[in-house]
Amino acid sequence: MDFAVEVTIFANKQINKLNIMLAYTYVEHGKFELQEKPMPELADSQDAIVRVTLGSICTSDLHIKHGSVPRAVPGITVGHEMVGIVEQVGAGVTTVKPGDRVTVNVETFCGECFFCRHGYVNNCTDPNGGWALGCRIDGGQAEYVRVPYANQGLNRIPDTVSDEQALFVGDVLATGFWAARISEISEDDTVLIIGAGPTGICTLLCAMLKKPQRIIVCEKSPERIRFIHEHYPDVLVTGPERCKEFVLEHSNNGGADVVLEVAGTEATFHLAWDCARPNAVVTVVALYDQPQVLPLPDMYGKNLIFKTGGVDGCDCAEILRLIEEGRLNTVPLITHRFPLDKIEEAYRIFENKLDGVVKIAISGV
Ligand SMILES: [Zn+2]
Ligand SMILES: [Zn+2]
């Protein structure tokens with residue numbers, strides 16, 4: 001070990017003694033910065049403090065950076081996709097204990113209100129409910145994070161499941177799982193998934209669990225198309241220009257039986273209902289920058305069923321079980337790895353879609 005390394009380690013230890021940690025922070029519109037902040041403390045009996053061992057960057061973080069999440073609070077630590085080790089729990093936390101390896105849920109929910117009791121946790125009526133971590137309260141692109149309602153927000157990771165295998169359970173994988181769950185997919189179906197970004201791929205993996213007759217992915221990026229061909233060779237792939245024609249050629253009843261729109265543009269919204277057969281389910285997972293037009297006269301008589309999201313992220317235990325059984329694997333999505341103190345570089349790659357990036361794992365320092 002050279003002297004410089006030794007000095008750095010010593011300095012880090014001194015910082016920790018002073019209860020200071022590194023936290024990637026939303027400073028103002030267009031600006032994130034790695035800052036030193038006090039380590040979080042328990043603020044409620046239902047809180048837990050988690051040492052973040054692995055986190056990730058999500059497209060929603062970029063939405064915050066570019067001002068399209070008005071409820072995001074300047075000064076907060078960003079990051080809402082992470083796993084870690086429980087350090088401390090409040091007196092009311094019963095489902096996890098210090099030392100447990102856990103996934104952290106993107107959503108905060110009380111578990112008791114009308115919506116929580118019916119599984120619609122995205123609409124939890126608690127003032128802290130919904131997407132709070134890394135948006136309205138400090139999140140997980142940091143060394144430590146305070147998780148409110150830890151009984152609901154943390155799930156223990158089975159011993160045989162690695163941090164990398166569990167990394168997306170609380171956010172993008174929860175979203176894909178929920179989207180596939182509400183889409184009423186049966187084994188006779190042709191399923192069309194529009195968009196093969198990280199959420200699109202997670203949606204694809206969860207749709208595959210339903211064993212439909214065929215799955216078609218619509219994607220225009222050559223890199224993403226290559227990724228699908230390489231990892232999921234049974235999946236049919238088409239580009240947006242030929243999508244409708246392709247779906248008609250590869251479906252039994254004049255269109256897709258189920259469509260999941262995960263891309264989020266005006267053109268893909270149009271494709272979603274246009275490629276659906278009459279009486280199909282169209283699930284809109286995507287988040288749009290602009291309002292979309294639902295041209296009811298054009299779709300009159302198609303009798304479509306639309307479902308829209310916000311993920312209800314309450315299936316994490318089941319998702320972890322599927323990973324443990326080897327039936328779900330999102331590790332191939334991790335194309336890049338960086339330590340927390342190099343997070344600026346990770347954002348540069350993720351934001352500019354460089355070097356074939358799908359997802360980046362950020363390890364604790
Ligand atoms: Zn996210
Ligand atoms: Zn609730």
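Two strands count as paired if DSSP finds at least two bridges between them. The views below show a predicted model.

**View 1. An open parallel sheet of six strands.** The strand order is β12-β11-β10-β13-β14-β15, and the pairing is parallel. β12 (236-238) and β15 (305-308) form the edges. Each has a single partner strand, so one side of each lacks a neighbour in the sheet. On average, neighbouring strands are turned by 20° against each other, direction ignored.

**View 2. The β10 and β11 pair.** Five bridges join β10 and β11 in the parallel sense. T190 sits opposite R214 of β11. Helix α10 packs on the sheet, where it touches β10, β11, β13 and β14. The direction of α10 makes about 140° with that of β14.

**View 3. The β13 and β14 pair.** β13 and β14 also run parallel, paired over five bridges. E261 has V284, in β14, as its bridge partner. β14 is mostly covered, with seven of its nine residues buried.

**View 4. Helix α10 and its packing partners.** Helix α10 spans residues 266-274. Its buried residues are T268, F269, L271, A272 and W273. They pack against the strands β10 (190-194), β11 (214-218), β13 (256-261) and β14 (276-284). They also pack against the helices α9 (243-249) and α11 (296-299).

**View 5. Contacts of A272.** A272 is one of the buried residues of α10. Leaving out residues up to four places away in sequence, A272 touches I194, V259, E261, V282 and V284.

**View 6. Helix α7, largely enclosed.** Helix α7 covers residues 198-208. Ten of its eleven residues are buried, so the rest of the structure largely encloses this helix. The buried set is P198, T199, G200, I201, C202, T203, L204, L205, C206 and A207. These residues pack against α6 (172-182) and against the strands β10, β11, β13 and β17 (359-363).

**View 7. The largest nonpolar core.** This core holds 105 residues. A48, V50, L192, I193, V259 and A272 touch the most other members. Helix α6 supplies the largest share, seven residues. Both domains take part: the core draws at least three residues from each of domain 1 (3-170 + 313-363) and domain 2 (174-308).

View 8. Domain 1 is made of residues 3-170 + 313-363, and domain 2 of residues 174-308. Their centres, taken over C-alpha atoms, are separated by 29 Å. The contact takes 17 residues from domain 1 and twelve from domain 2. On the domain 1 side, nine of the touching residues are nonpolar, five are polar and three are charged.

**View 9. K353 in its loop.** K353 lies in the loop between α13 (343-351) and β17. From K353 to V237, the separation is 116 residues in sequence and 21 Å in space, C-alpha to C-alpha.

Conventions. Residues numbered from 1 in each chain as written. Chains lettered and ligands numbered in written order. Predicted model: local features only at pLDDT ≥ 70, side-chain atom pairs only at ≥ 80, totals over all residues. Buried ≥ 20, exposed ≤ 12 C-beta atoms within 10 Å, placed from the backbone. Helix = DSSP H or I, 4+ residues; strand = E, 2+ residues; numbered from the N terminus. Contact = placed C-beta atoms within 7 Å. Domains from an automatic or database assignment. Nonpolar A, V, L, I, M, F, W, Y, C, P; charged D, E, K, R; others polar. Core = buried A, V, L, I, M, F, W, Y, C linked by C-beta atoms within 7 Å. Axes fitted to C-alpha atoms, helices over the stretch in contact; angles between N-to-C directions.
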